[in-house]
Structure formats: structure tokens, C-alpha cells
Amino acid sequence: MTFTLGMLLLDGRHGIFIAGAYAVAAVVLIGLLAQSLFAARRNRAELQTLEKMAPVRRPRGQRPAANAESQDENEQEAEA
Amino acid sequence: MRILNWHALANPARFMRLAGAVLPWAAGIGAVAFAAGLYLAFFASPPDYQQGETVRIMYIHVPAAWMALFGYVFMAAASAGAIVWRHPLAHIAAKSAAPVGAAFTLIALATGMLWGKPMWGTYWEWDARLTSVLILFFLYLGYMALEAAFDDPNRGAQAAAVLAIVGVVMVPIIHYSVDWWATLHQGSIFRGTGAIREGQPAFTVDSSMLWPLFTMLAAFKAYFVAIVLIRMRSEISARKARTLQLARSHGAG
């Protein structure tokens with residue numbers, strides 16, 4: 001017998017548990033995806049705003065912060 | 001021959017470029033695998049002779065449980081990479097994987113409860129498998145709370161990394177809990193290499209049920225890769241913004 005979505009929803013005995021399980025999974029996965037995309041967009045926008053502002057002048061001889069992305073690639077490779 | 005140089009990825013700019021190339025593929029594979037997995041789960045697999053239609057819950061419950069363990073091993077390995085090799089992106093990888101692993105653990109627990117009520121007659125039973133997976137969920141929450149608990153992000157990352165490495169002991173306990181203790185939970189569907197050598201099928205379930213199971217696992221894996229990459233890129237942007245803000249405040253002061 002072929003299973004159909006209508007049968008699932010009309011199955012009074014166990015249908016609610018099957019539908020509930022897939023609904024929980026969908027809510028959790030879509031919720032996490034949305035939260036991740038929202039946070040990524042917010043962080044990228046914040047970074048772009050800061051980068052558009054006037055550049056920071058470092059005192060002569062001071063190295064940039066270790067986790068700054070703008071660190072020179074060759075310098076990182078040399079460290080690695 | 002150098003197969004893969006992990007330190008080449010230590011450069012955030014290079015990692016951002018690589019992640020940007022991988023992300024559309026992971027998202028595409030995930031979307032296709034989800035669609036195929038749902039089709040196979042609902043329309044192309046038969047009802048179980050004992051469980052009936054309720055077996056369809058297994059097609060999300062089992063892959064989610066596998067991903068819960070995989071996520072924790074990934075997180076612990078990344079934490080070890082951060083502590084032992086001081087890889088600059090390892091802490092970020094572990095931090096990004098924690099909520100994804102926790103989400104899969106939550107799905108495994110919730111769908112297991114929704115399967116347990118019609119099959120066992122109860123939503124919850126304090127047996128070894130269920131309890132150990134609940135502890136795994138608390139470990140994920142503990143990792144995230146500890147990571148965020150310190151004013152100094154480096155101290156928080158170090159403390160959380162130690163918790164992740166110590167907590168990895170739960171992974172074999174969860175896996176073998178159905179063998180070590182007499183539990184209500186079913187045993188593993190994989191018979192083991194010994195059974196394969198004796199000519200028995202590798203799995204205890206029919207191939208018509210294995211296809212939706214492994215297709216959903218592929219979808220979950222692709223989802224994991226995509227979300228971890230999105231969160232890693234987001235965290236790198238946030239750290240760079242923080243560094244710029246600090247530089248500005250020092251410059252102004």
C-alpha cells in the first residue's frame with residue numbers, strides 16, 4: 001500500500017506523533033539556519049561599517065592583533 | 001606528498017575564500033538530499049511489520065542521533081587542535097559546531113520521545129541510552145555556557161575546550177550503552193565486521209529502509225557543514241570587528 005501524506009494526517013493513532021517528530025526537526029533546523037544567517041549578516045554589516053570609518057593609525061612598531069583578518073598572508077604562512 | 005596542510009587554513013582570509021567556495025555546494029547537496037530523503041521516507045519505503053507507519057520517525061531520529069555524536073567528536077577534535085597545535089581557527093570551529101550538535105541532539109531526544117509514546121507507551125524512560133544522550137545534550141549546553149562565561153574570550157575558549165575534550169568520553173558510552181546495559185532502547189542496526197565476514201548482511205534492517213536513512217544522513221551532514229561554515233565566517237567577522245573597535249578605542253584614548 002502506498003503511503004500518502006493524507007494518510008499520515010488522518011491516521012488517528014500514530015499520525016500525530018509522526019507529524020510532530022518531523023515538525024520538531026523542521027522548526028529546530030530552520031530556526032538554527034535563520035539564526036545563523038541573521039547573525040552572519042549582522043556581523044558582516046558591523047564589520048563593513050567599521051571598515052568604512054577612518055583607518056586606525058598604529059603607533060610605529062606595534063604589531064596588529066593576532067586574530068585580525070587583515071594580517072598579512074605571507075606573515076601568517078611564515079608563522080605556520 | 002603534502003595531502004592537506006591544516007596550517008594553510010590558519011589564515012582567515014584564505015579560509016573565508018575556501019568557505020565561500022564550499023558553502024554553495026554544501027547547501028545545494030543538502031537541499032537535494034533533504035528533498036530525496038523526505039520522498040524516500042514518506043513515499044518510497046514500506047511500513048514496518050511491527051511499528052507500522054511510526055517507523056518513519058526513525059528516518060530523522062537515527063541520523064540526528066548519529067549527527068549528535070559526530071558533532072561532539074568534531075567539537076572535541078577541534079578543541080584538541082586549539083589546545084595542542086594552537087590552530088587559530090580551531091576554537092572558532094568548535095564554537096560554531098556546538099549549537100549545531102546541540103540542535104541534532106535535541107532533535108534525537110524529541111523525536112525519540114515522540115516515537116517512544118506509541119511504541120513503548122511512555123515518552124521517557126531512564127535507561128542507559130536515553131540518559132547518556134541527555135547528558136550529551138547538557139555537555140553541549142555546558143560548553144556553550146562556559147565559552148560565554150568569561151570576560152576574556154581566550155580564557156572562555158580554553159575552559160570550554162577542556163570540557164569538550166573531557167566530555168568526549170560520553171561518545172563510546174552512548175554508542176555501547178545498548179550492549180553494556182540491559183536497556184529498553186534497540187541495539188545497533190550495524191551487525192559488525194564479524195557478521196560481515198560470516199556472510200551475514202551488514203545491517204539488521206532491509207535496504208528499502210536503509211536508503212531513506214542514509215539519504216537523510218547525507219542531508220544532515222551537508223546541513224552541518226553549511227551551518228558550521230556560515231557560523232565560522234560570522235565569528236571571524238565579529239572578531240575582526242572587535243579588534244577594529246579595540247584599536248579605535250585605544251587610538252582615541
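Me: How many helices and how many strands does chain B have?
Reply: The model is a predicted one, in which local features need pLDDT of at least 70, side-chain atom pairs count only at pLDDT 80 or more, and totals for chains, interfaces and linings use all residues. Residues are numbered from 1 along each chain as its sequence is written, chains are lettered from A and ligands numbered from 1 in the order in which they are written, and side-chain values use heavy atoms, with hydrogens and water left out. Helices (H or I, at least four residues) and strands (E, at least two) are DSSP runs, numbered from the N terminus. From that terminus the elements of chain B run α-α-α-α-α-α-α-α, which gives eight helices and zero strands.

Me: What percentage of the residues of chain B count as buried?
Reply: The C-alpha trace of chain B spans about 75 × 35 × 35 Å along its principal axes. Buried means under 20% relative accessible area, exposed over 50%, and partly exposed in between, with a 1.4 Å probe and protein chains only. Of the 253 residues of chain B, the buried share is 49%.

Me: At which residue does α1(B) bend?
Reply: Helix α1(B), residues 12–43, has 32 residues and reaches 44 Å from its first C-alpha to its last, close to the expected 46 Å; the expected span is 1.5 Å times one less than the number of residues. Its buried residues include Ala19(B), Leu23(B) and Ala26(B). A bend is the angle between axes fitted to the seven residues ending at a residue and the seven starting there. The bend is about 30°, Pro24(B) follows within four residues, and the residue at the bend is Val22(B).

Me: Which element gives the most to the lining of the largest pocket?
Reply: A pocket is an open set of points on a 1 Å grid over the protein atoms alone, where a 1.4 Å probe fits, with protein on both sides within 12 Å along at least five of seven lines; lining residues have an atom within 4 Å of a point. The largest pocket holds about 1000 Å³ of space, and among its 38 lining residues the closest to the centre are Met58(B), Val62(B), His185(B), Gln186(B) and Gly187(B). Elements giving two or more residues to this lining are α2, α3, α4, α6 and α8 of chain B. With eight residues, the element that gives the most is α2(B).

Me: Is Asp127(B) buried or exposed?
Reply: Asp127(B) is found in the loop between α3 and α4 of chain B. Contact means heavy atoms within 4.5 Å, and, leaving aside neighbours within four places in sequence, Asp127(B) is in contact with Thr183(B), Leu184(B) and His185(B). Its C-alpha is separated by 9.3 Å from that of Val178(B), 51 residues apart along the chain. Because its relative accessible area is 9%, Asp127(B) is buried.

Me: What is the relative accessibility of Glu147(B)?
Reply: Glu147(B) is placed in helix α4 of chain B. Not counting residues up to four places away in sequence, Glu147(B) touches Lys95(B), Gly156(B), Ala157(B) and Ala160(B). Glu147(B) counts as buried, and its relative accessibility is 12%.

Me: How many Å apart in space are Leu134(B) and Leu109(B), C-alpha to C-alpha?
Reply: Leu134(B) lies in helix α4 of chain B and is buried, with a relative accessible area of 19%. Leaving aside neighbours within four places in sequence, its contacts are Leu109(B), Trp124(B) and Trp126(B). Leu134(B) and Leu109(B) are 25 residues apart in sequence, and their C-alpha separation is 7.4 Å.

Note on methods
Points joined across faces, edges and corners; volume = space filled by probe spheres on them.
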